[in-house]
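Let's take a friendly walk through this one. Have a look at the chains first, and then we'll go through them piece by piece.

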Amino acid sequence: MKRRQWINSPQEAPTRQWTARVVDNSRVSGRAYRLDLALPASDPVQIQPGRFFMIRTSPGLDPFLGRPFSVFRFAPPGDQGESRLSVLYRAVGRGTELMTTWNKDQPVHMMGPLGQGFTVPERARHVLMMAGGIGIAPLFGLAEWVLRETEGVHVQICVGGRSTEDVLMTRELSALGAQVEVTTEDGSMGMKGRVTDWFSERVSHLAQEEEIMVYACGPLAMLAAVNTLTHRAGLPCQVSIEARMACGVGSCLGCAVKTREKGYQLVCTTGPVFDVMDIDWEDMKPL
Amino acid sequence: MITKTRTQPDLSVNIGGITLKNPVMTASGTFGYGEEYASLVDIDRLGAVVPKGISLIPIEGNPPPRIVETAAGMLNAIGLQNVGVDVFVREKLPFLKQFETPVIVNIFGHSIDEYRRLARRLDSEDVAGLEVNISCPNVQKGGCFFGHDPSLAFDVIHAVRRETSHPVIAKLSPNVTDISVIIRSVQDGGADAISLINTLVGMAIDVDRRQPKLGNITGGLSGPAIKPVALRMVWQAAQVARVPVIGLGGIVTATDALEFIIAGASAVEVGTAHFIRPRAALDVIDGIDVYLRSHGIDRITDLVGTLRHE
């Protein structure tokens, strides 16, 4: 399959350590926050959707490690010579709770962009995405890229969560020109059920169409279900996987994930985006 | 009276026959095979590179989750995942050989025969030395089995010694009752230097699931949390060792490294700090240089083991 690759693009931002500056850090919904950062240097022109940054949550020794965050949005340098990087995060532990206290102009130590992002087959005409909760983050960037850089590609994205407060960025996605669907497990917003329920229904209508590409990001249980569904439908699918990691560059070997044919692979360097078929879903354990 | 030095301080050290331009090395398992950090770090500036530990045959490693963050540190149970010595020599070593920096190959085996064969396999390779891991806590019947028993520790180092003309460094475990006994054994076995400490065995539990946070249940604790223990053991080691001591365990800053050197370490290894700051070892080198200048010390070797106490 021919793929559009960005990774070797001369435009792609080089991997490096950055001291960024907080431009905005606000709660989006529930425990989900959006962090907007200004990057000082002017050379990064683009970042492939799906790549990530390691962000340290403390300048000191505790918490010690950085946390991986997918690029939610990236804007190349404007008149002020700063580029803008945005991530979405959920305050779930000590590090992310600390992040919620960051104010404007707080310096942030980070490294990136890292890992392999999404690729879009040249011939794809219909893109279906499934986002579970905070899993919207990398898919948003991908949707934005596809809608901006390609012509005649229909983007349909189902955003799901347990309840209304877990459903993120639907208005923004609509504004970009994506067709947005919503599912909630408690039925408080959109269709009652899960994104995979929506997909099962949707895919039966699409079965005759060709040139479909599926992308998904969310909890591992959801991605395992996506694997079953896309396999059954015979559709190609890429997923972005979350894993604990220490270094982000393939050195600590902490983020290993079992693949079907190549043993353990690293989420940080081989991923975080994988072809869904490459992963051994039987071996997956929740974080 | 202290006079401030105007000339460039001499940072070079000799560790059991290996000449290093400065005393700062990378700790095995924290710097990959070098290539992972090549775009972020000037490898030529490092005192030595110690790549990820190598075994006779490739090892797939432990089931995830393999790491968990703890207070000012982390637990890991990677399970010594590595490409094996043949792939290492063919695909990884040539990359590291591009640099001026000496490469010290960290090796481990599951039996004395495996250690012996590794040493033999690497003897003809142009490497600066071997660091023999007899202390990894994360593999059953793994290296630590050898590092905890004085006579087995002797046997491993002796077997390696007989197969190689390269300098041999024994990497020791902190998970022992009396480190001086192990040090005597590896010296008698022919070690040219010792490095310590490897990780401390630890554990973390998810209370909601009542499950261990690591797939391997226990793992090796590293990072700033272990520095005081590491420093104490390096100081103890330096009292009894006849060979140079390489200190490691939680070093993040130049001050950390200087503590080890004053305690008696002739060189240091920077480890887990690389995960948060790939340039950590370079910053340590720069900081040592500044310290020597400001204290009027001409040679780093003049600082080794100069702890003042009654």
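This is a predicted model: local features need pLDDT of at least 70, side-chain atom pairs count only at pLDDT 80 or more; totals for chains, interfaces and linings use all residues.

Helices (H or I, at least four residues) and strands (E, at least two) are DSSP runs, numbered from the N terminus. Residues are numbered from 1 along each chain as its sequence is written, while chains are lettered from A and ligands numbered from 1 in the order in which they are written.

Now for the sheet. Chain B has an open sheet of 7 strands in the order 3-15-14-9-8-7-6, with parallel pairing (two strands pair if DSSP finds at least two bridges between them). At its edges sit strand 3 (24-26) and strand 6 (104-107), each pairing on one side only. On average, neighbouring strands are turned by 25° against each other, direction ignored. Axes here are lines fitted to C-alpha atoms, for helices over the stretch in contact, and angles run from 0 to 180 degrees between N-to-C directions.

Helix 9 (residues 280-294) of chain B packs on this sheet, touching strand 3 and strand 15 (267-270), and its direction makes about 175° with that of strand 3. A contact means that the C-beta atoms of two residues, placed from the backbone, lie within 7 Å. Elsewhere in the sheet, strand 7 (residues 129-133) and strand 8 (residues 168-171) of chain B run parallel and are joined by 4 bridges. In this pair, B:Val132 stands opposite B:Ala170.

| Residue | C-beta atoms within 10 Å | Class |
|---|---|---|
| B:Ile182 | 27 neighbours | buried |
| B:Asp286 | 15 others | partly exposed |

B:Ile182 lies in helix 5 (residues 179-189) of chain B. Beyond its neighbours within four places in sequence, B:Ile182 contacts B:Gly147, B:Pro150, B:Ala153, B:Leu172 and B:Val176. Its C-alpha atom is 7.5 Å from that of B:His148, 34 residues away along the chain. B:Asp286 and B:Asn82, by contrast, are 204 residues apart in sequence and 31 Å apart in space, C-alpha to C-alpha.

Conventions
A residue is buried if 20 or more other C-beta atoms lie within 10 Å of its own, exposed if 12 or fewer, and partly exposed in between; C-beta atoms are placed from the backbone.
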